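Visitor: I would like a short tour of some side chains. Please show me the structure first.

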Amino acid sequence: MLINTIEVNNKKITADNFVIATGKKPHPLNIPGHEYLLTSTNLFELEDTPKNVAIIGSGYVGMEFATLLSAAGVKVTVIVRSGQPLEGFYSQHVHQLVDEMKNSLGINFIFNTNVTAVTEAQTGYEVQSANGNLGTFDKVINASGRVPEINALKLDNAGVEYSNRN
């Protein structure tokens, strides 16, 4: 049975469909050491500029952070889950962008790699993958995406079907 009426502040609203635009939060990475990761929420709260960073993720946010931090003199490594950053974009343009980021900004890319753990080390944080240690970095940024901020809504209790997709 479809319900097409909701009540908000004692006012009934009827519609064929409802969109609950809650905003988004950083996608949590469920890996050992996730507590060491910075996100778009707290990256700009750093008091000192790191010397080198690893960025996990290569969507809009990851690529923007890579460019911004590189321009600030930070050595940047972008860890890409697949064979191409900015999935869904025209690959020829993305490859040109990656070449420019490598050649002009010195950004390093590691492709086809899933991060499996981040561990604290004496000189920073070690990033691990199934293939071994990817390096030690001053900071590691989780730019693996964003998910809807729906936990507080308790949609299951109301029998509302929802999706984490955009």
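Predicted model: local features only at pLDDT ≥ 70, side-chain atom pairs only at ≥ 80, totals over all residues.

Visitor: Are the rings of Y36 and Y125 stacked, edge-to-face or tilted?
Guide: Their centres are 5.2 Å apart. Stacked needs planes under 30 degrees apart, edge-to-face over 60. The planes of Y36 and Y125 stand at 35°, so the pair is tilted.

Visitor: How many residues apart are Y36 and Y125?
Guide: Y36 sits in the loop between β3 and β4. Y125 belongs to strand β8. The pair links distant parts of the chain, and the separation is 89 residues.

Visitor: Is Y125 buried or exposed?
Guide: Buried means under 20% relative accessible area. Y125 has 15% relative accessibility, so Y125 counts as buried.

Visitor: Which parts do F44 and F65 tie together?
Guide: The two rings form an edge-to-face pair, 5.8 Å centre to centre with 70° between the planes. F44 is exposed at 57% relative accessible area, whereas F65 is buried at 7%. F44 lies in the loop between β3 and β4, and F65 in helix α1.

Visitor: Which backbone nitrogen does the side chain of N52 reach?
Guide: N52 is in strand β4. N52 touches several residues, including T136 and D138. Its side chain reaches the backbone oxygen of T136 at 3.5 Å. At 2.8 Å, the N52 side chain reaches the backbone nitrogen of D138.

Methods. Residues numbered from 1 in each chain as written. Heavy atoms only, no water. Phe/Tyr/Trp six-rings, centres within 6.5 Å; stacked < 30°, edge-to-face > 60°. Helix = DSSP H or I, 4+ residues; strand = E, 2+ residues; numbered from the N terminus. Buried < 20%, exposed > 50% of the residue type's maximum accessible area, 1.4 Å probe, protein only. Contact = heavy atoms within 4.5 Å. Polar contact = N/O pair within 3.5 Å; in protein donor to acceptor, adjacent residues only side chain to side chain. Lists of a residue's contacts leave out its neighbours within four places in sequence.
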